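Please read these notes with the model open beside you.

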Amino acid sequence: MPRTPLPIGTWGEISTRTLKTTKNGKPLKHLARAKFRDHDGTVRPVTATGSTKTAARAALILKLQNRARTRHSADLTEMHKINHLLDLWEKRFERLVADGQRSGHLSARAQEPRPTRNRRTPHRRGHHPVPRHRPVQDQGPRRPSTAKTCRAVISGAMKLAVRYGAITVNPAREVDAIEAKPKRPLRALTTEEVTLLQKSLTADEHAVEADLPDLVTFMLATGVRIGEALAVLWHQVDLETGAVEITHSIARPPGEGLIRKTTKSRTGQRILSLPTWATTSLRARHTGDTQPDAPVFPDTIGNYRDPSNTRRALRTALSPVASTARRELGQTLRAFRRQAHLSRKQAALTLGWPQTRLELIETGRLKPNHRLVSSLAKTYGIDLDNTPDLLARLRDSAEPAESDKLAWIRSHALRKTTATALDDAGHTARQIADQLGQAKVSITQDTYLHRQPANPAAAQVPRAEQ
């Protein structure tokens, strides 16, 4: 008569044997072993050890009971390492990215060095469980964005482990919420700052060469992200009706190069109406030989522009826009450097500075001070205190310039400016969110709208007389 198969989630007879003995033959370590039928129907051997037969048998029974309480699959069990779990999560996430349901940014961040690479899924018996907050806390309070990404990855992976039955509870759910103070308060450009920005960029030859004036005008008119602006093709622009279709964004995922991908969500795919001044700006860029599939804002050879390089060009143009006195001081310092037969790289290495700082000083885009210029002059073999002309130029360049008002601006401030302008014009939060391509109105209200003064009409509401 055939043996009755083990029901799923049960085990057979437990056997024990001696693993290690002393020189006198006294048992030191025992092994208990039994066959267990997992929830996928496969029978697998399960073992446990102990100093005595009773201890080994008790350890095995506890192990079998824990195994029976979870719905194991062959793909992931409590015996697998965290690294295997993260590999499964990444494969699933990549499928979602390919289907357009997720952005690839989180998957790329997940491929960074893993702090839990060789740890088992919690809580395998015989291993210390991973403290629930440590992988996130280890990122440090100075990197809240990295900590949030780490928490999202760990939470998603542990949710997958629960579904596979490797664990019963998602430990990442108990991690404290990560809150970071904003680096600067929410701020949108005023009308005067917008005028000054456009005037300064138009007058700056480097900004014009980087094609920043028209790009900034387009972003102020639409409120689109910089990657979305760089992905717009000419056939998506209707110069007659003044409309533009936003469907894609330019990105550079690790190892893939520059690509044009669909927007982060379906909400990001939208058709926007352009103000008359923005349509006029685009019409001036359009020529008779413009190809319909060409980007509206291309690089120097007509291909897609890198958003990171474009942001860097904008930061350089506003760091701050050089005044005449600062340009003259920068040219003088550059002449001294060349007289000392030093390249910009050599001087930066001698000073222990990044090369970009020296570049900003020599182009007049960094507000100088006595200590900064004194360090440069000493490197070039010049005594600053005994050089009256250089001291005079330093005093002139240290005076506040109108362009200093623009130094705080970044590309995302343009998007907030558009949102605030629509709010001032009486548009609802839902309308503004649709313009910006955001699914949640709360994000628009909390992150993109400049806070208005307290409601003066509140004083007119009747209250109980004192």
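The points below go through the structure by topic.

1. Basis. This is a predicted model, in which local features need pLDDT of at least 70 and side-chain atom pairs count only at pLDDT 80 or more, while totals for chains, interfaces and linings use all residues. Residues are numbered from 1 along each chain as its sequence is written, and side-chain values use heavy atoms, with hydrogens and water left out.

2. Strands 1 and 2. Helices (H or I, at least four residues) and strands (E, at least two) are DSSP runs, numbered from the N terminus. Strand 1 and strand 2 (residues 27-37) run antiparallel and are joined by six bridges; two strands count as paired if DSSP finds at least two bridges between them. Arginine 17 has leucine 31 in strand 2 as its bridge partner. The two strands make a hairpin with five residues between them, and glycine 25 in the turn has a positive phi of about 90°.

3. Strands pair through backbone hydrogen bonds, either parallel or antiparallel. Here an open sheet has the order 4-5-8, with antiparallel pairing. Strand 4 (237-238) and strand 8 (270-273) are the edges; each has a single partner strand, so one side of each is left without a neighbour in the sheet.

4. Pairing inside that sheet. Strand 4 is joined to strand 5 by two bridges, and valine 237 stands opposite valine 244 in strand 5. Four residues lie between strand 4 and strand 5 in their hairpin, where glycine 242 takes a positive phi near 70°. On the other pairing, strand 5 (residues 243-246) and strand 8 are joined by four bridges.

5. How many salt bridges does the structure hold? The count is ten, a salt bridge being a side-chain nitrogen of Lys or Arg within 4 Å of a carboxyl oxygen of Asp or Glu. Glutamate 228 pairs with arginine 225, with the closest N and O atoms 2.6 Å apart. The side chain of glutamate 228 also meets that of arginine 270 in a salt bridge (3.0 Å, N to O). This second pair links distant parts of the chain, with glutamate 228 in helix 9 (residues 226-231) and arginine 270 in strand 8, 42 residues apart.

6. Exposure of those residues. Buried means under 20% relative accessible area, exposed over 50%, and partly exposed in between (1.4 Å probe, protein chains only). Glutamate 228 is buried at 2%, and arginine 270 is buried at 8%. Arginine 225, at 21%, counts as partly exposed.

7. Other salt bridges. Arginine 187 and glutamate 193 meet through their side chains in a salt bridge (2.9 Å, N to O). Elsewhere, Asp211, Asp214 and Arg285 are linked in a network of salt bridges.

8. Positive surface patch. Which residues gather in a patch of positive charge on the surface? They are Lys91, Arg92, Arg95, Lys159 and Arg163. Patches are made of residues with over 30% relative accessible area and no salt bridge, with like charges joined within 9 Å and nonpolar side chains (Val, Leu, Ile, Met, Phe, Trp, Tyr) within 5 Å. Helix 2 (82-98) and helix 5 (144-164) are the elements that give two or more residues to the patch. Helix 2 gives the most, with three residues. Lysine 159 lies in helix 5, and at 47% relative accessibility lysine 159 counts as partly exposed.

9. Glycine 9. Where is glycine 9 placed? It is in the segment before strand 1 (15-21). Glycine 9 is buried, with a relative accessible area of 13%. Glycine 9 and arginine 69 are 60 residues apart in sequence, yet their C-alpha atoms are 7.9 Å apart in space.

Definitions and conventions. Areas by Shrake-Rupley, 256 points an atom, 1.4 Å probe, with all protein chains shown as cover. Lys, Arg positive; Asp, Glu negative; His and termini not counted. Charge placed at Lys NZ, Arg CZ, Asp CG, Glu CD.
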